[in-house]
Amino acid sequence: MELYRVLSAESEWPVFSVPLPSGHTVHVVYRNIEGEHGVDYLIHHPAWSAAETLAVDDGHFMGPGMAWPELLSVARQPATEGVDDPDARLLLLFPTLGDAHLPDDATVALTAALTALTLIEEPAEVASMLLENQGQWTPAHWRPADGVCINDGGHSYRNPGNAFALPEGCLREISNALNGGEATAHQASG
């Protein structure tokens, strides 16, 4: 109950930060507005005037924000502050995932994180279920385009075909930061 009270406090919204070696930080903000509760997944760099939205998990969802290789990369990037445990980072950012082409070992990585940080009885079964039913959006098809990881999600800020998509330069910088400096994500088949 104490955790619930902290996460749902209207007076001070909980924020969890995931710093990246690139200088960018992914912030997970529990937005506690009466009747408008949700979780915002933002990315920021000190040189930017404002944070950019990767995904929003609420009744008016927006996403996905990350492909599986990006999620795994962010979870495994070294950190000395904020959320620094790789398993905690993976679980914290998991709701941003929307990837139609998951590698065979995705269940293994998610099961390991669930085993390390939860007391659920069947972590492999839960991991399989979570990967099968990703987010509120349809799992997107991700692909590299001129060194930028983009997708075809109808509600994604990282789909250049959407009128509300992030600008190309921002997409490039975000893609590089999430991939640990690598310019591309996995190549999806099909």
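Colleague: What is the volume of the largest pocket?

Modeller: This is a predicted model, in which local features need pLDDT of at least 70 and side-chain atom pairs count only at pLDDT 80 or more, while totals for chains, interfaces and linings use all residues. Residues are numbered from 1 along each chain as its sequence is written, and side-chain values use heavy atoms, with hydrogens and water left out. On a 1 Å grid over the protein atoms alone, a pocket is an open set of points where a 1.4 Å probe fits, with protein on both sides within 12 Å along at least five of seven lines. With grid points joined across faces, edges and corners, and volume taken as the space filled by probe spheres set on the points, the largest pocket comes to about 200 Å³.

Colleague: Which elements give two or more residues to the lining of the largest pocket?

Modeller: Lining residues have an atom within 4 Å of a point, and here they are Leu-3, Leu-7, Phe-16, Tyr-30, Tyr-41, Leu-91, Leu-92 and Pro-95. Helices (H or I, at least four residues) and strands (E, at least two) are DSSP runs, numbered from the N terminus. The elements that give two or more residues to this lining are helix H1 (2-8) and helix H3 (86-93).

Colleague: How many residues of the lining of the largest pocket are nonpolar?

Modeller: Ala, Val, Leu, Ile, Met, Phe, Trp, Tyr, Cys and Pro count as nonpolar, Asp, Glu, Lys and Arg as charged, and the others, Gly among them, as polar. By these classes, the lining has no polar and no charged residues, and the number of nonpolar residues is eight.

Colleague: Which residues of H3 are buried, and which elements do they pack against?

Modeller: Buried means under 20% relative accessible area, exposed over 50%, and partly exposed in between, with a 1.4 Å probe and protein chains only. In H3, the buried residues are Arg-89, Leu-90, Leu-92 and Leu-93. Taking contact as heavy atoms within 4.5 Å, these residues pack against strand E1 (15-19), strand E2 (25-31), strand E3 (38-44), H2 and helix H4 (106-117).

Colleague: How many of the residues of H2 are buried?

Modeller: The buried residues in H2 are Trp-68, Glu-70, Leu-71, Leu-72, Ser-73, Val-74 and Ala-75. H2 is thus mostly covered, and the number buried among its nine residues is seven.

Colleague: Which residue is joined to Gly-63 by a cis peptide bond?

Modeller: Most residues other than glycine have a negative phi, and most peptide bonds are trans. Gly-63 is in the loop between E4 and H2, and it counts as buried because its relative accessible area is 1%. Not counting residues up to four places away in sequence, Gly-63 touches Ala-55, Trp-137, His-155 and Ser-156. The cis bond, with omega about 10°, joins Gly-63 to Pro-64.

Colleague: In which sense do strand E5 and strand E6 pair?

Modeller: Two strands pair if DSSP finds at least two bridges between them. Pro-144 stands opposite Cys-149 in E6. Over four bridges, E5 (residues 142-145) and E6 (residues 148-151) pair in a sense that is antiparallel.

Colleague: What is the phi of Asp-146?

Modeller: Asp-146 lies in the loop between E5 and E6, a hairpin with two residues between the strands. It counts as exposed because its relative accessible area is 68%. As a residue other than glycine, Asp-146 has a positive phi, near 55°.

Colleague: How far apart in space are Thr-80 and Pro-160, C-alpha to C-alpha?

Modeller: Thr-80 lies in the loop between H2 and H3, and it counts as exposed because its relative accessibility is 80%. Thr-80 and Pro-160 are 80 residues apart in sequence, and their C-alpha atoms are apart in space by 33 Å.
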